[in-house]
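Me: I would like to learn how to read a pocket, a sheet and a single loop residue in a model such as this one. Could we begin with the pocket?

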Amino acid sequence: MEKFHTVTGLVAPLDRANVDTDAIIPKQFLKSIKRSGFGQNLFDEWRYLDHGEPGMDPAQRRLNPEFVLNQPRYQGAQILLARANFGCGSSREHAPWSLQDYGFRVIIAPSFADIFFNNCFKIGLLPIILDAAVLDHLFEEVKSTVGYRLTVDLQKQTVITPKNEAFSFAVDAFRKHCLVNGLDEIGLTLQHTEKIKQFEQKRRTEQPWLFM
């Protein structure tokens with residue numbers, strides 16, 4: 001998992017509340033357990049004017065020019081502004097996978113669905129909760145300023161605007177440790193490799209029939 005320290009990135013505003021996981025990545029694309037390849041179908045039903053199915057070439061599909069991610073000014077965005085209850089609905093891990101695969105490193109919203117929130121941390125995608133009034137302010141700034149960027153400093157737990165406004169956010173200490181050090185659940189387990197080897201050797205000695 002990629003380490004997360006500080007990200008300064010272009011911001012895209014998704015001005016919709018209660019965005020569910022089926023909107024983030026529609027059900028027909030949940031046919032792979034790999035974490036890659038989902039970005040092209042992120043918000044599929046909103047990004048395209050035709051119905052999407054696995055295997056379709058995105059370059060041959062009709063884009064919805066009204067959808068925010070299709071607008072030239074937001075191409076390459078790494079930070080997504082969202083509204084309340086982002087990631088609600090079914091508990092599909094593919095939702096954060098698709099956001100990360102598209103290129104997002106940070107999602108900022110007033111609130112998140114619990115399972116989606118937890119799944120983000122597992123892959124190094126940082127979900128940040130800020131007050132709704134702060135989000136209103138940021139949405140206005142983004143919409144009025146082409147090329148608007150925010151700096152997210154995980155160590156200091158702050159979101160910094162181009163005007164040097166700083167907004168603090170809370171993050172669990174253990175999750176912060178994992179993000180800063182690039183440790184997913186597999187990485188955490190591998191930190192105990194020697195103890196695991198010792199345990200397995202002990203089992204071979206005490207219960208050899210298990211290994212026949």
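Reply: A pocket, found on a 1 Å grid over the protein atoms alone, is an open set of points with protein on both sides within 12 Å along at least five of seven lines, and its lining residues have an atom within 4 Å of a point. Please keep in mind throughout that this is a predicted model.

Me: Which residues lie nearest the centre of the largest pocket, and what is its volume?

Reply: Eleven residues line the largest pocket, and Phe121, Lys122, Phe174, Arg175 and Cys178 are the ones nearest its centre; the volume comes to about 160 Å³. Two or more lining residues come from each of helix H4 (114-123), helix H6 (173-181) and helix H7 (185-190), with H6 contributing the most, namely four residues. Sorted by class, the lining holds six nonpolar, one polar and four charged residues.

Me: How should I read the sheet, and in what order do its strands lie?

Reply: In general, the strands of a sheet pair through backbone hydrogen bonds, either parallel or antiparallel. Here seven strands make an open sheet of mixed pairing, in the order S4-S3-S2-S1-S5-S6-S7. Strand S4 (126-129) and S7 are at the edges with a single partner strand each, so one side of each has no neighbour in the sheet. From one strand to the next, the twist averages 25 degrees.

Me: Which strands does S1 pair with, and in which sense, parallel or antiparallel?

Reply: With strand S5 (residues 149-153), S1 runs antiparallel and is joined by five bridges, one example being Val7, whose bridge partner in S5 is Val152. With strand S2 (residues 79-81), S1 pairs in the parallel sense over three bridges, and there Val11 has Ile79 of S2 as its bridge partner. Strand S1 (residues 6-13) is also mostly covered, since six of its eight residues are buried. Towards the S4 edge, strand S3 (residues 106-109) pairs with S4 in the parallel sense over four bridges, with Ile128 in S4 as the bridge partner of Ile108.

Me: Where is Thr161 placed, and is Thr161 buried or exposed?

Reply: Thr161 is in the loop between strand S6 (158-160) and strand S7 (166-168). A residue is called buried when its relative accessible area is under 20%, and Thr161 counts as buried because its relative accessibility is 4%. Apart from neighbours within four places in sequence, Thr161 is in contact with Leu138, Tyr148, Leu150 and Phe167.

Key: Residues are numbered from 1 along each chain as its sequence is written. This is a predicted model: local features need pLDDT of at least 70, side-chain atom pairs count only at pLDDT 80 or more; totals for chains, interfaces and linings use all residues. Side-chain values use heavy atoms; hydrogens and water are left out. Buried means under 20% relative accessible area, exposed over 50%, partly exposed in between (1.4 Å probe, protein chains only). Contact means heavy atoms within 4.5 Å. Two strands pair if DSSP finds at least two bridges between them. On a 1 Å grid over the protein atoms alone, a cavity is a set of points where a 1.4 Å probe fits but cannot get out, and a pocket is an open set with protein on both sides within 12 Å along at least five of seven lines; lining residues have an atom within 4 Å of a point. Grid points are joined across faces, edges and corners, and a volume is the space filled by probe spheres set on the points. Ala, Val, Leu, Ile, Met, Phe, Trp, Tyr, Cys and Pro count as nonpolar, Asp, Glu, Lys and Arg as charged, and the others, Gly among them, as polar. Axes are lines fitted to C-alpha atoms, for helices over the stretch in contact, and angles run from 0 to 180 degrees between N-to-C directions.
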